[in-house]
Amino acid sequence: TDPNPGNSAGGPDNLTVFQGKLYFSCNEPVHGEELWACDLQTGKVHLVADINVPRYNPSTSPQQLVAVGETLFFVARDREHGEELWVSRGNEVDTFMVRDIAPGAADSAPRTLIRGTDEVYFTAVTPETGRELWRSDGNEAGTVLLDDLRPGTAGSDPRDMIRIGGKLYFSADDGVCGRELWTSDGH
């Protein structure tokens, strides 16, 4: 099925299965690029949430979709908050920005979302810390900076994250030893 017939440039992209449905981003003329879902039993497709209303810049460009338990995490952009971490529990009412990590219209630009047991790990940028490692349980209070490995505004720029046996492994630059291998238990 195709929410945007005749336009091959509109997606779908960022496919992930969540709650028996296939979730994806898709660009179509009425809503721009938003979060969509396809029921895997019926094939019925529907818009999950139109995040950027009114249509100043209609596209929120959902990306990096990761399902953890009853929560679908993703990165999206809105006019008021920039690019931040969002969650959906499968409907418009329960689709919201988790926390404005870089307050205002600045982007925290979450990257490298990694599934945990009941949370997601990712990197994000703030003016105070630069790009560092974060954790979120899908709630504002549970979305926290995991560690400021390189104090100050430069950030340690964690990369190549992988989770093995309950631990995160990644490379980061603490400003002292250069880019090295790091590990974290996620707390």
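One definition to begin with: two strands pair if DSSP finds at least two bridges between them. Strands, marked E, are DSSP runs of at least two residues, numbered from the N terminus.

Now the ground rules. This is a predicted model, so local features need pLDDT of at least 70 and side-chain atom pairs count only at pLDDT 80 or more, while totals for chains, interfaces and linings use all residues. Residues are numbered from 1 along each chain as its sequence is written, and side-chain values use heavy atoms, with hydrogens and water left out.

Let's start with a hairpin. Strand E7 covers residues 82-88. E7 pairs with E8 in the antiparallel sense, over 4 bridges. Take Ser 88: its bridge partner in E8 is Thr 95. Leu 85 has its own bridge partner in E8, Arg 99. Between E7 and E8 lie 6 residues. Look at Gly 90 in that turn: its phi is positive, about 105 degrees.

Zoom out to the sheet. Strands of a sheet pair through backbone hydrogen bonds, either parallel or antiparallel. Here 4 strands form an open sheet, ordered E5-E6-E7-E8, and the pairing is antiparallel. Which strands stand at the edges? They are E5 (63-68) and E8 (95-99). Each has a single partner strand, so one side of each is left without a neighbour in the sheet. Neighbouring strands are turned against each other by 35 degrees on average, direction ignored. For that angle, axes are lines fitted to C-alpha atoms, for helices over the stretch in contact, and angles run from 0 to 180 degrees between N-to-C directions.

Next, the interior. A nonpolar core is a set of buried Ala, Val, Leu, Ile, Met, Phe, Trp, Tyr and Cys residues joined through side-chain atoms within 4.5 Å. Buried means under 20% relative accessible area, exposed means over 50%, and partly exposed is in between (1.4 Å probe, protein chains only).

The largest core has 14 residues. Tyr 23, Leu 35, Leu 72 and Phe 74 touch the most other members. Which elements give two or more residues to this core? Strand E3 (32-39), strand E4 (45-49), E5 and strand E6 (71-78) do. E6 gives the largest share, 3 residues.

Stay with Leu 35 for a moment. Contact means heavy atoms within 4.5 Å. Leaving aside neighbours within four places in sequence, Leu 35 is in contact with residues including Tyr 23, Leu 47, Pro 62, Leu 72, Phe 74 and Ser 88.

Now the charges. A salt bridge is a side-chain nitrogen of Lys or Arg within 4 Å of a carboxyl oxygen of Asp or Glu. How many does this rule give? The count is 6.

One of them joins Asp 173 and Arg 150, at 3.7 Å from N to O. This pair links distant parts of the chain, 23 residues apart. Asp 173 sits in strand E14 (residues 167-173), and Arg 150 in the loop between strand E12 (143-147) and strand E13 (159-164). Asp 173 is partly exposed at 21%, and Arg 150 is partly exposed at 26%.

Asp 157 has two partners to look at. With Arg 159, the closest N and O atoms are 2.8 Å apart. With Arg 179, they are 3.5 Å apart. Arg 179 is partly exposed, at 33%. Elsewhere on our tour, salt bridges that share partners join Arg 77, Glu 83, Asp 107 and Arg 111 into one network.

Last, the cysteines. A disulfide is a pair of cysteine sulfur atoms within 2.5 Å. A search of the whole structure finds 0. For Cys 38, the nearest cysteine sulfur is that of Cys 26, 11 Å away. Is Cys 38 buried or exposed? Cys 38 is buried, with a relative accessible area of 13%.
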